Amino acid sequence: MADSSQHSQNRLANESSPYLLQHADNPVDWYPWGEEAFQKAEKEDKPVLVSIGYATCHWCHVMAHESFEDEQIAELMNRAFVNIKVDREERPDIDNTYMLVCQMLTGSGGWPLNVFLTPDKKPFYAATYIPKVGRQGRPGMRELIPWMSQLWENKRDKIINSTDEIVTAFQKSNDFEITDDLDDTLLDEAYNQYEQQFDNQYGGFGSSPKFPSPHNLMLLLRYADQNPDSKALPMVEQTLTKMRMGGLFDQVGGGFHRYSTDREWLVPHFEKMLYDQAMMLMAYTEGWQLTGNELFKQTVDEVCEYLTRKMRDKDGGFYSAEDADSEGEEGKFYVWSIDEVREVLSMTEAELAIGVFNMTEEGNYRDEASGQRTGKNILHLQKPIQALADERDMDVEAVQSEVKSIKKKLLEVRQDRVHPLLDDKILTDWNGLMIAALAKAGAVLGNEDYLQQAEECWSFIADEMLTDNGRLMHRYRNGDVAINGHADDYAFVIWGLLELYEATLDTEYLEQAILLNEQFIDEFWDADDGGFYFTSETAEELLGRKKEIYDGAMPSGNSIAVMNLLRLGRITGRTEWEQMAEDALKLFGNSIKQAPTSFGVALQAVDFMYGNSQEVILAGKLGDSQTDELVDILRSRFLPRTVVIFNDSEDGMINSLVPYLADFGMKDGKPTAYVCQNYACELPTHDPQQMTDLLSRS
């Protein structure tokens with residue numbers, strides 16, 4: 001299979017992952033992860049280099065260009081090692097395992113992740129980005145490879161001792177100390193820490209780099225709901241506002257970039273990830289529910305518009321990510337010079353755009369290498385539209401309409417630029433988050449289109465990613481489905497189905513959530529200590545089965561799973577599921593106490609468990625105006641500790657899933673609401689106002 005370059009393609013040419021395909025023409029003799037590579041290492045008595053990254057990773061591109069495309073470095077690598085490339089988004093199980101090893105060995109982690117293993121998959125050295133030639137005390141590939149070979153040849157016993165210690169330490173990391181004194185004082189502790197870390201000037205927490213961490217904002221919204229006198233709501237409102245006004249948000253095309261490199265939310269790392277869009281949609285939807293701030297609703301619409309335009313597959317699934325780089329430069333696709341803007345817009349439009357988006361001749365974007373200003377601008381707002389309208393003595397609607405028209409023109413011109421790489425694989429877990437976010441946004445904003453997209457996304461997963469025996473698969477690309485589902489695939493899709501059920505009240509989604517939850521427990525639950533393993537009991541064994549518990553850039557599967565267990569337990573009356581949720585939280589309780597702000601989603605489950613949660617049973621017929629009025633009240637209110645069960649007397653399925661519903665039918669032939677709290681139900685009511693009053697008692 002020779003290509004036009006001097007060497008033939010390596011074994012990655014037949015893979016589906018866009019990341020692996022980026023390396024298919026490297027002179028490095030790459031293997032995909034699999035037994036063939038490890039057998040070769042065993043046979044030839046060589047160490048294995050596993051290089052882990054993803055298609056939209058900036059430093060992965062840098063290392064690939066410097067080293068993996070270099071004939072001399074590749075020759076050294078091919079002689080010394082068996083080389084394996086892994087897409088961390090396809091194989092988060094491999095990435096999680098060896099990332100923890102890297103953090104234990106070096107104190108930090110990141111991508112690209114380069115781990116050196118023995119032929120039996122045991123690690124003995126790990127590093128993130130490795131330059132081609134050593135600099136600033138960091139060895140380069142040119143020095144590292146011969147050193148590693150000598151170590152392997154002459155000091156094998158040292159390597160074996162080291163791997164044994166690493167494996168022992170790895171397995172210890174799964175030993176959790178169960179705690180019994182878990183309660184909602186943890187929420188106060190987390191709130192106090194957020195308050196101390198809060199940036200009063202720019203919103204967000206800490207200094208730079210700043211990550212959006214929407215699930216932490218969602219926790220603070222729940223805290224604000226229970227503690228209206230706290231500063232939780234102002235902190236969230238300021239953060240959501242500043243993020244939307246800053247360069248973190250793509251002002252022209254919608255959608256959020258990965259994180260901000262500075263304190264002001266101005267200069268982002270320009271990559272766009274699907275899971276960030278989903279979680280931000282959640283936070284802005286809930287933020288709008290609690291504040292009524294129109295900017296938040298507008299943000300939801302703009303993110304959804306971006307997703308529909310750019311990230312949605314024709315069959316309903318959503319793609320993974322867009323790169324930060326195009327034409328070899330980070331951010332080039334997104335930044336504008338004043339001249340470019342003047343070329344596209346009329347004189348009055350251009351002056352408005354330059355003022356509204358704070359553009360200057362010298363620009364606010366600096367070259368990464370030299371630090372020099374480039375004359376290019378990251379568009380951002382420094383003032384709300386109302387203030388901009390007042391300054392110009394214009395009507396606010398007129399300014400909004402003008403700005404909308406300007407953005408449309410700039411977007412059309414931007415479409416002709418060289419686009420960053422689109423990673424078009426479809427991941428089940430990230431699509432689960434999308435289903436949850438679109439269902440929530442659709443219900444809260446009354447937008448049927450968002451609900452339909454959520455339903456179509458689930459149909460895609462049900463058709464493509466669900467096997468005949470009810471198991472989830474993890475990755476789809478161009479018709480190729482591969483890799484058995486991990487904990488996140490199950491937890492996030494179940495969450496999506498629960499949100500879809502509450503948004504549509506269609507029993508089919510509840511049934512699917514219950515079936516998947518049973519499958520998930522069967523294959524991933526630790527019956528001895530509680531909690532869910534990241535891999536199923538039938539998955540490939542690496543250094544041991546691990547439990548992911550921290551809510552980092554994405555929520556952990558365990559945190560979402562605990563929330564699902566609580567909600568499903570309340571809906572179905574299966575108290576054993578609530579008990580499992582409690583057991584899992586107790587297992588991670590000490591870790592949560594040590595660093596509460598690292599557990600934004602787990603603490604939402606604590607809030608649900610201890611915060612006067614309610615069950616609302618609605619008996620009626622969908623499409624009936626009185627039923628719909630009751631449903632609309634439930635959708636419009638922020639009710640994070642409430643589950644809704646819909647009892648349609650003609651729906652045989654709901655009565656088999658939720659046997660106790662037989663006692664909660666319509667009274668006097670009219671749509672009826674039952675509001676229950678602490679396992680006791682109020683008298684049934686037909687009156688929307690009375691239902692609202694009962695909901696307010698929590």
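Start by selecting Ile426 and Tyr476: Ile426 stands opposite Tyr476, which is in S14. Before you move on, note that this is a predicted model, in which local features need pLDDT of at least 70 and side-chain atom pairs count only at pLDDT 80 or more, while totals for chains, interfaces and linings use all residues. Residues are numbered from 1 along each chain as its sequence is written, and side-chain values use heavy atoms, with hydrogens and water left out.

Select residues 473-477, strand S14. Strands (E, at least two residues) and helices (H or I, at least four) are DSSP runs, numbered from the N terminus. Is S14 buried or exposed? 5 of its 5 residues are buried, so S14 is largely enclosed by the rest of the structure. Here buried means under 20% relative accessible area, exposed over 50%, and partly exposed in between (1.4 Å probe, protein chains only).

Two strands pair if DSSP finds at least two bridges between them. Then bring in S15, residues 480-484, which pairs with S14 in the antiparallel sense over 4 bridges. Tyr476 turns up again here, standing opposite Val481 in S15. Look at the turn, too: S14 and S15 form a hairpin with 2 residues between them, and Asn478 in that turn has a positive phi of about 50°.

**Stop two: ring pairs.** How many aromatic pairs does the structure hold? There are 30. Rings of Phe, Tyr and Trp (its six-membered ring) pair if their centres lie within 6.5 Å; planes under 30 degrees apart are stacked, over 60 edge-to-face, and the rest tilted. Pick Tyr125 and Trp147, an edge-to-face pair at 5.8 Å centre to centre with 70° between the planes. Tyr125 is in strand S5 (residues 123-127) and Trp147 in helix H6 (residues 141-154), so this pair ties together parts that are 22 residues apart in sequence. Tyr125 is partly exposed at 22% relative accessible area, and Trp147 is partly exposed at 40%.

For another grouping, select Tyr490, Phe520, Phe524, Trp525 and Phe532, which ring pairs link into a cluster.

**Last stop: Arg88.** Show Arg88 with Trp111: the charged end of Arg88 sits over the ring of Trp111, 3.9 Å from its centre. Arg88 also lies over the face of Tyr54, at 5.3 Å from the ring centre. A charge sits over a ring if NZ of Lys or CZ of Arg is within 6 Å of the ring centre and within 35 degrees of the ring normal.
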